[in-house]
Amino acid sequence: MLANVLGGITPARFLAEYWQKKPLLVRGALPGFTGLATREEIFELACDPDVESRLVRYRTAAPETSTVDHGPQKRSHLRGKQEPWTVLIQGLNLWVPAADALLHQFDFIPQARLDDLMVSYAVDGGGVGPHFDNYDVFLLQGIGKRRWQIADQQDRSLVEGAPLRLLRDFKPVHDWVLESGDLLYLPPHWAHNGIAIGECTTYSVGFKSPTAQELAYGFIDWLAERLDLQGMYADPDLKLQENSAEIPPTMIDRVARMLKGIRWTRADVAAFLGDYLTEPKPSVFFEPPTELLDRAAFARALKAKGCRLDPRTLLLWSAEAGFHLNGESIPVSGENRDILATLAHRRRLEGVKRPSEAILKLLYGWYEDGFLHVDEP
Ligand code: SIN
Ligand code: CO
């Protein structure tokens, strides 16, 4: 797939005019796209205990009686014909390698902003009801059709007592029917409601939107592991005080001075972000290869056919803090930076003709851990 998912709009124009600003509908963004997984594959994932899924029955007439069942789903629950339902799979990109190729279509947005690819399967009339999300999303239609209604409303009050975040008073301003390969971009907080017209699948490329508080918690945790303050509390000048239960003001002064030793630099922030953004989700486990190639065979495969990152691997870099893979900082010397930057951007390398010993050692280690794969020639 080499199509430009933004249709006639350049990525630069998209960023300037639409990203985080206004919705964009692209008809035929990916001509011929009918999804990455069949209905059966989606159901199988929904029933897998390692996969995050939700089965939603949104009831238009009485939204507060809607239901949400978190996975693993029971296969028999994915057959209901009585009322509309939809099943949603989070993190499809962790399980389906083709999802990586699809996400690459959206690489005009930094991978550092990317969260995951979700897929929903719905029967006729199914959906999750009118709501808003805090993050940007690209909604790509797989099989079938879905009617999308959207609104930029300020009234974000929610239906009380519902198990889903549903808007109480949704007032759509646009109403479109998306067909296979059509794409709708929505900025954060735009209200939307997607209703399946017949059986349909929708793929959502979702982005991260950490709150300042989440970032601060993450950073303080990260910093705590690296702090190296010197000294110990001491008070040789202690004065007699009237009430022994009073925390001495001199103690508060001293501790305040000690804590001033907690400092950080922009380089620490860059290093923290690299670790934080590449930390695998708690449900992620890597599987080392069942038949491990020895280093010489690995080198041959790498030269002949290159390598690809496991769909679960996260590899990011910054000029200030270097490379980060799956939550850890990776020391890389100058000559190998370009090759790793290409691997990180494309998530694969074509045949590597003359790999240095250092890069071979690094990639072989990742291969042994299941972070990266080679195809045998
Ligand atoms: C869906 O695919 O049904 C829901 C996607 C969304 O509203 O964010
Ligand atoms: Co949504």
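Predicted model: local features only at pLDDT ≥ 70, side-chain atom pairs only at ≥ 80, totals over all residues.
**Notebook: cobalt site and salt bridges**

I started with the metal: along the chain, the donors of the cobalt ion (ligand 2) follow the spacing H-x1-D-x58-H. I counted as donors N, O and S atoms within 2.8 Å of the metal (3.2 Å for Na, K and Ca); water is not among the atoms, so sites may look incomplete.

Residues are numbered from 1 along each chain as its sequence is written, chains are lettered from A and ligands numbered from 1 in the order in which they are written, and side-chain values use heavy atoms, with hydrogens and water left out.

**Cobalt site**

Which atoms coordinate the cobalt ion (ligand 2)? I found H131 (NE2), D133 (OD) and H192 (NE2), at 2.0 to 2.1 Å.

H131 sits in the loop between β5 and β6 (137-141), and H192 in strand β10 (residues 191-197). They are 61 residues apart, so the pair links distant parts of the chain. I took helices (H or I, at least four residues) and strands (E, at least two) as DSSP runs, numbered from the N terminus.

Next I checked burial. I used under 20% relative accessible area for buried, over 50% for exposed, and partly exposed in between (1.4 Å probe, protein chains only). H131 counts as buried because its relative accessibility is 11%. H192 is buried too, at 3%.

**Salt bridges**

My rule was a side-chain nitrogen of Lys or Arg within 4 Å of a carboxyl oxygen of Asp or Glu. I got 19 salt bridges by it.

I looked at D115 and K281, whose side chains meet in a salt bridge (2.9 Å, N to O). D115 is in strand β5 (residues 114-122), and K281 is in the loop between α6 (266-278) and α7 (295-305), 166 residues away. D115 is partly exposed at 31% relative accessibility. K281 is also partly exposed, at 36%.

R295 and E357 form another salt bridge (2.9 Å, N to O). R295 lies in helix α7 and E357 in helix α9 (residues 357-369), so this pair ties together parts 62 residues apart in sequence. I noted R295 as partly exposed, at 32%. E357 counts as exposed, at 55%.

Are R312 and D310 buried or exposed? Both are buried. They form a salt bridge, with the closest N and O atoms 2.9 Å apart.

Last, I logged a network: salt bridges link E225, R226 and D275.
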